[in-house]
Structures are given as C-alpha cells and as structure tokens.
Amino acid sequence: MDHSFILYLLAVVLVLVGIAGVILPALPGIPLVFAGLVLAAWADDFVHVGWLPLTVLGLLTVLSFAVDILATVVGAQRVGASRKALWGTFVGSIVGVFFMPIGLFVGPLAGALLGEYWHTRELGRSTKVGLATWLGILLGFALRLALVIAMLGLFAFAWFF
C-alpha cells in the first residue's frame, strides 16, 4: 500500500488548520503550515521541493514568531502602554477565543483597555492604549497572513518549477 496518499492528506489537514491558526490566536498557525509543507515534501521524497526552499520556509516560520511579538508590543509601546495593559491584551486574547468570532476582536481591545485603566485610572488614555494595541494585533494578523501566502507561493513555485 502506498502511504503517500495518507501523508499528503495529513499535510493538507495541517496546512488548513495552520491557515485557521493565522486567524485564531490559540493555534500555532504558521508552524502548522510549515509542518504540513514539510510533510508534503517528505511524502514526495523531496523530489519537487528540496532543502533550499524548505530552509527558506523555515526562516519565514521563525520570522512569524518575531512578527507576532513585535506587532502587538510596538502598537502598545508607541502610546506608552503599561505592563498591565500588555497582560490585559494577553488575557483578553485568550478569553476572546471562547466568544468567537466577535471575541477575537473585542477580547484584546478590552483586555488592553482594562489593564491600562487599572494602571492609570484614566479612561481616555486607557482607550487610546486599547486601540493602539488592537491596531498592532491587526497589523500582526495582516503580516502573518502575508507570510502564509508567501510560504504557500514559494512551495507551489518550488513544486512546479
């Protein structure tokens, strides 16, 4: 029996769950996409996609971790967010997962706003920090989405050419 069909099927599942993970903060989206692409290359015995494209895909995966961290932190730090606001963003993101799909957007914003309000007791400043943090998260989402599209494009290019 040829096991390559099962490996390809598993690779597709990993890539699809990874793409969902770009949207859902609870899933490691880009690492799952990378794992699926490596599995697809392995199922083909690395005939179509060799180590050079896979190394570039691995570097893009590592870059995604920096994007995740920096996008949110830069958005928050540009307006002087406190540590409590950053923790609020983290907690709000986790709680937001349970109230999908609205919670994905409202959770981090509310968490940052409440964390900053707890720190400063100034509603105007807290709102500004919450919005800046939320915009940073949206920027991170856009960058992660661009990375996934680039990874899939690179894999397809290596496979067909």
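## Surroundings of Ser126

In this predicted model, Ser126 touches Leu113, Glu116, Tyr117 and Thr120, where residues up to four places away in sequence are not counted and contact means heavy atoms within 4.5 Å. Ser126 lies in helix H6, residues 123-160; helices here are DSSP runs of H or I with at least four residues, numbered from the N terminus. With a relative accessible area of 0%, Ser126 is buried, a class that covers values under 20%, whereas exposed stands for over 50% and partly exposed for the range in between, with a 1.4 Å probe and protein chains only.

Residues are numbered from 1 along each chain as its sequence is written, and side-chain values use heavy atoms, with hydrogens and water left out. Because the model is predicted, local features need pLDDT of at least 70 and side-chain atom pairs count only at pLDDT 80 or more, while totals for chains, interfaces and linings use all residues.

## Packing of H1 and H2

Helix H1 (residues 4-23) and helix H2 (residues 29-43) pack with their axes 7 Å apart and at an angle of about 165°, the axes being lines fitted to C-alpha atoms over the stretch in contact and the angles running from 0 to 180 degrees between N-to-C directions. This makes H1 roughly antiparallel to H2, since angles over 145 degrees count as roughly antiparallel, under 35 as roughly parallel, 65 to 115 as roughly perpendicular and the rest as oblique. The crossing of H1 past H2 is left-handed, which is the term when the near helix is turned anticlockwise from the far one by less than a right angle, with right-handed used if it is turned clockwise.

Residues of H1 that make the contact include Leu7, Tyr8, Ala11 and Gly18, and among those of H2 are Ile30, Val33, Leu37 and Trp42. By class, the residues of the contact of H1 with H2 divide into 18 nonpolar, five polar and no charged; Ala, Val, Leu, Ile, Met, Phe, Trp, Tyr, Cys and Pro count as nonpolar, Asp, Glu, Lys and Arg as charged, and the others, Gly among them, as polar.

## Packing of H4 and H5

The axes of helix H4 (residues 83-97) and helix H5 (residues 102-120) come within 6 Å and cross at roughly 150°, which makes H4 roughly antiparallel to H5. H4 passes H5 in a right-handed crossing. Gly88, Gly92 and Gly96 are among the H4 residues that meet H5, where the partners include Gly107, Gly111 and Gly115. The contact of H4 with H5 has six nonpolar, ten polar and two charged residues.

## Aromatic pairs

The count of aromatic pairs comes to five, with rings of Phe, Tyr and Trp (its six-membered ring) pairing if their centres lie within 6.5 Å, and planes under 30 degrees apart counted as stacked, over 60 as edge-to-face and the rest as tilted. Tyr8 and Trp159 form an edge-to-face pair, at 6.4 Å centre to centre and with 75° between the planes. This pair links distant parts of the chain, Tyr8 in helix H1 and Trp159 in helix H6, 151 residues apart. Ring pairs also join Tyr8, Phe155 and Trp159 into a cluster, and Tyr8 is partly exposed, with a relative accessible area of 27%.

## Positive phi in two loops

Asp45, a residue other than glycine, has a positive phi near 55° and is placed in the loop between H2 and helix H3 (51-77). Its relative accessibility of 60% makes Asp45 exposed. Arg121, in the loop between H5 and H6, has a positive phi of about 60° although it is not a glycine, and at 54% relative accessibility Arg121 counts as exposed.
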